[in-house]
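I opened a new notebook page for this model.

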Amino acid sequence: MTRLKEDDISKVVAGLTQYDVELISKTGCSLKAIAARAAQRDLDSSSAPGLKIAVIPVTSGQGIIGGFTTAVAGILDYLGFDAFITQNSDVAGIAEAIHGGAEVLFAADDHKFIAFNLKTGMIVDNGAATGRGYITALNQMCCGLTEKPVLVIGAGPVGRGAAGLIAKLGGLVSVYDIDVTASRALVDELRKQGQPAKVETDLDYALSRHQVIVDASPAEDVIPPRHITERTIIAAPGVPLGVPPEQRRKHSARILHDPLQIGVATMCFLVI
Ligand code: 2YH
């Protein structure tokens, strides 16, 4: 699992307005609209102005990532929520959040990033939410995924969340993971739910057969230039982005990638 770096997130808050302009041009939807759709919420009733959300710094493991809580709180504020970062970290931060009237908590360590609704007891995981949010956006970019072959690279929490929603939306899921047992487990899970799905063992071959790709892997340059054409559409929740820099520039209108925005927004709409 990739640990975000300060550099990945330092420009998130200042860039939110421009981010939304680009997201709308790619998907026809704002960040808020994508998150609300992914959570199957009504956009207006879910905006919950005044809902207090605490973002708690967590020092365990490799510790605080500079700018992480600021970026998370900034995204939540941008969506219209009343987000605050606790002065205290860890358990003291939880106590401070509750005393401060928070109804929802956001916190991440090196392995897990969750949103927790104190009223309902609901917990939403960043991986699953990110997968759902990206596929909601990809569905918009592709004008629907029904009967479309979609290659999911990476069968971790994000890839699993993505594959489940692609299948529900009628897409034909193929899964590649460097660990074939992970791809098999995901494909078996989908088949048990009556969804067609396929394991891919040769990434180069799989890429040559797909125009719609979900890069949910933490590997750099996982999609070589020869597989990115004028018709390729890539949703890339994985950090770092698996597309070489020149192709990123050339095909930016058909590549969706961010370090936190869609994941955090979708977590929030799922948890409230
Ligand atoms: O970046 C991460 C992990 N890779 C978990 C992501 C799950 N999709 N965690 C962020 C750690 C933040 C840190 N503890 C802080 O600043 O509070």
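Before I looked at pockets, I needed the term: a pocket is an open set of grid points, on a 1 Å grid over the protein atoms alone, with protein on both sides within 12 Å along at least five of seven lines. I also noted that the model is predicted.

Entry 1, the second largest pocket.
I looked up its volume and found about 680 Å³ of space. The lining has 24 residues, and Y19, H257, D258, P259 and Q261 are the closest to the centre of this pocket. I then asked which elements supply at least two residues of the lining. They are α1 (6-9), α2 (16-27), α10 (245-250) and β11 (255-257). The largest share comes from α2, with five residues. I sorted the lining by residue type and got nine nonpolar, nine charged and six polar residues.

How many residues surround the ligand? I found 15, and the closest are T2, V58, I65, A108 and D109. By type, the shell holds nine nonpolar residues, three polar ones and three charged ones.

I went on to the polar atoms. A nitrogen atom of the ligand lies 2.8 Å from a backbone N or O atom of V58. At I65, a polar backbone atom is 3.0 Å from an oxygen atom of the ligand. N126 takes part through its side chain, where a polar atom lies 3.0 Å from a nitrogen atom of the ligand.

I found six salt bridges in the structure. I picked out the one in which the side chains of E103 and K119 meet, at 3.3 Å from N to O. Why does this pair tie together parts that are apart in sequence? E103 lies in the loop between α5 (90-99) and β3 (104-108), while K119 lies in the loop between β4 (113-117) and β5 (123-125), so the pair links parts that are 16 residues apart in sequence.

I checked for a cis peptide bond and found one joining V239 and P240, with omega about 0°. P240 sits in the loop between β10 (233-236) and α10. I then looked at phi of Q40, which is near 55°, a positive value in a residue other than glycine. Q40 is in the loop between α3 (31-38) and β1 (52-56).

Notes:
Residues numbered from 1 in each chain as written. Predicted model: local features only at pLDDT ≥ 70, side-chain atom pairs only at ≥ 80, totals over all residues. Heavy atoms only, no water. 1 Å grid on protein atoms, 1.4 Å probe; cavity = no way out; pocket = protein on both sides within 12 Å on 5 of 7 lines; lining within 4 Å. Points joined across faces, edges and corners; volume = space filled by probe spheres on them. Helix = DSSP H or I, 4+ residues; strand = E, 2+ residues; numbered from the N terminus. Nonpolar A, V, L, I, M, F, W, Y, C, P; charged D, E, K, R; others polar. Near = heavy atom within 4 Å. Polar contact = N/O pair within 3.5 Å; in protein donor to acceptor, adjacent residues only side chain to side chain. Salt bridge = Lys/Arg side-chain N within 4 Å of Asp/Glu carboxyl O.
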